[in-house]
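Hello,

Here is the structure I promised to pass on to you. Please have a look through it first, and then read my notes below.

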Amino acid sequence: MKAWLLDDFTGTDALRLADVPDPVLQPGEALLEVRYAALNPADRYLAERQYPAKPPLPHILGRDALGTVLSVKGGAGLRVGDKRLLLRGAVGVTRPGSFAQRVAAPVENLAAVPEAWSDAEAAGASLVYLTAYQALTMWGPLPSGAVVLVSGASGGVGIAALQLATAMDYVVVGLSRSREKARCLESLGAAAVFDPHDPEWRLQLKNKLAPRRVDLAIDNVGGSLLPEVIDTVSDLGKVSLVGRLAGPVPNFNTGALFFRRLRMGGVAVGAYTNEESRAAWEQVVLLLARTGARPQVDSIFAFSQLPQAFRRLAQGPFGKVLLRVSEQ
Ligand SMILES: NC(=O)c1ccc[n+]([C@@H]2O[C@H](COP(=O)([O-])OP(=O)(O)OC[C@H]3O[C@@H](n4cnc5c(N)ncnc54)[C@H](OP(=O)(O)O)[C@@H]3O)[C@@H](O)[C@H]2O)c1
């Protein structure tokens, strides 16, 4: 089969398309003919040695996929020809991933395509919705009408957080550097979207929410934006830390937390066990069915265009960037 190989940890520019043997199934695994794979910033982090997992090389990246079952080794309830999407597990992290024509995965990491979703919508959904679900639920339920602020709101996790929080009856405000993407987020249900580069954004948000403040902030960006995000949170509010697209946080003052008794916590979608992942995914699908929201696809690249797809991801997409691996 053809697969994109990572030979060293010098970044995604060094990936190369090569012929490799098909995966060999272990008991409890299925082989998928990949139709679509989806990109995530963590693929780039892993390729740059900025990720905890250090798989043996050459490695195949890719944590999200949708495909057709080609063979199964002892997995109950799964048949050849079934269409399945991949739930976040070890695939693409410590074992070969989905930037390949075929991928082997534990049967327990496979889920049916939710009703009415297209193949492309389903292919890139699991990692970002599971992440957003963890970020929204890790503090226990918030009261109905609670205000949730999402930074990097136009990305995969951001849109997932917006849609899930809306389905949970929370009020969502977002941050996006792009006016055009801000309008799209408002059409998906955001009550308001602010530009994090506008020095007045916190004041604008405060005026919009007054007398309320943010109950939960979901931060995908980090860097110098994080202290500003924290500044908008109410007394006893929470901050779910998801990503660090803008790098480390400079000059962090812990006083930002203790005077208002804020709580901050890290999100790690990879920390979900397979069982937790499946249970969370069931909730995600139920929540989205409640509002009719569907995953947002930004762009689909040909299998041979993985480097271009990574460049699109780095620009700041609106939803998920996919690879069309086969026409099937
Ligand atoms: N902790 C976990 O378990 C977990 C799981 C999944 C993802 N993540 C992390 O969460 C982050 C978001 O992931 P994603 O899949 O949503 O990424 P994404 O699809 O690339 O989108 C992120 C969005 O953030 C904004 N952004 C990008 N760079 C920025 C910068 N330097 N400053 C300000 N805004 C910036 C962009 O929106 P605008 O252009 O509209 O501003 C972009 O659309 C990544 O760091 C990823 O590694 C963590």
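Predicted model: local features only at pLDDT ≥ 70, side-chain atom pairs only at ≥ 80, totals over all residues.

Let me begin with the overall layout. The protein chain falls into domain 1 (2-124 + 296-324) and domain 2 (128-269). Their centres, taken over C-alpha atoms, are separated by 28 Å. Where the two domains touch, 10 residues of domain 1 are in contact with 10 residues of domain 2. On the domain 1 side, three of these residues are nonpolar, five are polar and two are charged.

Next comes the ligand. There are 30 residues around the ligand, and Gly152, Gly155, Ser176, Gly243 and Gly316 come nearest. Domain 1 and domain 2 each give at least three residues to this shell. Helix H1 (41-47), H3 and H4 each supply at least two. By class, the shell has 15 nonpolar, 12 polar and three charged residues.

H3 and H4 also pack against each other. The axes of H3 (residues 125-137) and H4 (residues 156-167) come within 8 Å and cross at roughly 55°, so the two helices are oblique to each other. The crossing is right-handed. From H3, the residues Val128, Tyr129, Thr131, Ala132, Tyr133, Ala135 and Leu136 take part, and they meet Gly156, Val157, Ala160, Ala161, Leu164 and Ala165 of H4. This contact is made up of 11 nonpolar and two polar residues, with no charged ones.

Enjoy exploring it!

Best wishes

Definitions and conventions
Residues numbered from 1 in each chain as written. Axes fitted to C-alpha atoms, helices over the stretch in contact; angles between N-to-C directions. Helix = DSSP H or I, 4+ residues; strand = E, 2+ residues; numbered from the N terminus. Parallel < 35°, antiparallel > 145°, perpendicular 65-115°, else oblique. Left-handed = near helix turned anticlockwise from the far one by under 90°. Contact = placed C-beta atoms within 7 Å. Nonpolar A, V, L, I, M, F, W, Y, C, P; charged D, E, K, R; others polar. Near = placed C-beta within 6 Å. Domains from an automatic or database assignment.
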